[in-house]
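These are my notebook entries from an afternoon of looking things up in one structure.

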Amino acid sequence: EKEPVTVLVTGAAGQIGYALVAMIARGAMLGPNQPVILHMLDIEPAEEALKGVKMELMDAALPLLRGIVASTDVAEACKGVNIAVMLGGFPRKEGMERKDVMSKNVSIYKAQASALEKHAAADCKVLVVANPANTNALILKEFAPSIPDKNITCLTRLDHNRALAQIAERTKVHVSEVKNVIIWGNHSSTQYPDVNHATVQEKPVREAVSDDEWLNNEFISTVQQRGAAIIKARKLSSALSAASSACDHVRDWVLGTPKGSWVSMGVYSDGSYGIQPGLVYSFPVTCEKGEWSIVQGLEIDAFSRDKMDKTAQELIEEKELAKSCLN
Ligand code: NAI
């Protein structure tokens, strides 16, 4: 039998955590034959709730789940971790300045970066979900210099999946027949969902949809605003879709992307597509043997260029804001 993989979920007592830990323990993240040990971290005010989640995981009698650590101690939670999914963070509350929220998250990610660096497995892979996801990932990278850049990513797969779903709905095909959309940039409303290289049943999306007006406007804003639409409907932000997409992100990263298709991941920019190096930016990537690489050579038209640069600009500003919080 395979050795168990240790997966850390921070903010595990929260909404996404509640959906995610069960998915991980049922094999949705690492496959149906991979035993897992779950480490769940949250903060003291959520300690009782976290215990409750642990009780429920026990009660589900899950065959793949070989151990549970529920803790409010960062060092204990990070110990020996192979995969870290970071959901914990400070949410923006009404009346709060952007800078105040950034400042709270910068100190959380700085501290957790050091803990991961000290206690996690040397080849630990990190997925940051908590917002501002790209910039939290960047802070984590800065303060965990011994973790390779390539091991620190952020979640834009939910946006990617939302784009697939919109195209599937519009063209009345199953979502599995839509491929190779791209989310460029920030996990925020400036993200650019790009369909110029995507296909529906192997046909270019622009041919299959045959409505550029819709693709260039409503489609883009629907994907960008989907998070807000979920909040409006549920009075809570997306949780099950976020958890499901986090599983997709890690699964494809570890087990590889299917031949001929790519996915979107927030990764450390190497300057590809003229995106400033040193930003965590969402690119199209393929994965093989546990490593992602940015899909190269895609043609970028003027419409896309403009949108890719705007979302990069927002990330540059976030990075500066984060830096100013460090001083
Ligand atoms: P939530 O508020 O229900 O849960 C967050 C949990 O984190 C809480 O239990 C809280 O106690 C905990 N926490 C706070 N500070 C912590 C710290 N320093 N260490 C460990 N735990 C800590 O939030 P929800 O809905 O589960 O969302 C989690 C995050 O994911 C939010 O930042 C949200 O904005 C973000 N998000 C990102 C998405 C993406 O696609 N990248 C999609 C949906 C949500």
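**Entry 1: the ligand.** Before listing neighbours I wrote down the rule I was using: a residue is near a molecule if its C-beta atom, placed from the backbone, lies within 6 Å of it. I also noted that this is a predicted model. Around the ligand there are 28 residues, and those that come nearest are Gly 11, Gly 14, Gln 15, Ile 16 and Gly 88. When I looked up which element supplies the largest share of this shell, I found helix 1, with 3 residues. Sorted by class, the shell holds 16 nonpolar, 11 polar and 1 charged residues.

**Entry 2: helix 2.** I next turned to helix 2, which covers residues 47–59 and has 13 residues. From its first C-alpha to its last it reaches 19 Å, which is close to the expected 18 Å. Which residues of helix 2 are buried? I found Leu 50, Val 53 and Leu 57. Looking down the axis of helix 2, I saw that the buried residues fall within an arc of 55°, so they line one face of the helix. The cover over these buried residues includes helix 1 (15–25), strand 2 (36–41) and strand 3 (65–71). On the other side of helix 2, the exposed residues are Glu 48, Met 55, Glu 56, Met 58 and Asp 59. Just after the helix, I noted that Ala 61 takes a positive phi of about 45°.

**Entry 3: the whole chain.** Stepping back, I counted 12 helices and 14 strands in the protein chain. Its C-alpha atoms fill a box of roughly 50 × 50 × 40 Å along the principal axes. I then checked the radius of gyration, which is 19 Å for the protein chain, and this agrees with the value near 20 Å that a compact globule of 327 residues would have. Buried residues make up 46% of those 327 residues. Of the contacts between residues at least 6 apart in sequence, 71% join residues that are at least 24 apart.

**Entry 4: Asp 309.** I looked up Asp 309 and found it in helix 12, which runs over residues 302–326. Is Asp 309 buried, exposed or partly exposed? It counts as partly exposed, because it has 17 C-beta neighbours inside 10 Å, and a residue needs 20 or more to be buried, or 12 or fewer to be exposed. Asp 309 and Gly 185 lie 124 residues apart in sequence, yet their C-alpha atoms are 8.5 Å apart in space.

Entry 5: I kept a general rule in mind here: most residues other than glycine have a negative phi, and most peptide bonds are trans. Where is there a cis peptide bond? One joins Asn 131 and Pro 132, with omega about -5°, and Pro 132 sits in the loop between strand 5 (125–128) and helix 5 (133–142). Lys 172 is not a glycine, but it has a positive phi of about 55°; I located Lys 172 in the loop between helix 6 (157–171) and strand 7 (178–179). Lys 172 counts as exposed because it has 7 C-beta neighbours inside 10 Å. Lys 235, also not a glycine, has a positive phi of about 60° and lies in the loop between helix 10 (226–234) and helix 11 (240–255). With 7 other C-beta atoms within 10 Å, Lys 235 is exposed.

Note on methods: Residues are numbered from 1 along each chain as its sequence is written. This is a predicted model: local features need pLDDT of at least 70, side-chain atom pairs count only at pLDDT 80 or more; totals for chains, interfaces and linings use all residues. Helices (H or I, at least four residues) and strands (E, at least two) are DSSP runs, numbered from the N terminus. The expected span of a helix is 1.5 Å times one less than its number of residues. The arc is that of the directions from the helix axis to the C-beta atoms. Two residues are in contact if their C-beta atoms, placed from the backbone, lie within 7 Å. Ala, Val, Leu, Ile, Met, Phe, Trp, Tyr, Cys and Pro count as nonpolar, Asp, Glu, Lys and Arg as charged, and the others, Gly among them, as polar. The radius of gyration is taken over C-alpha atoms; the globule rule is 2.2 Å times the number of residues to the power 0.38.
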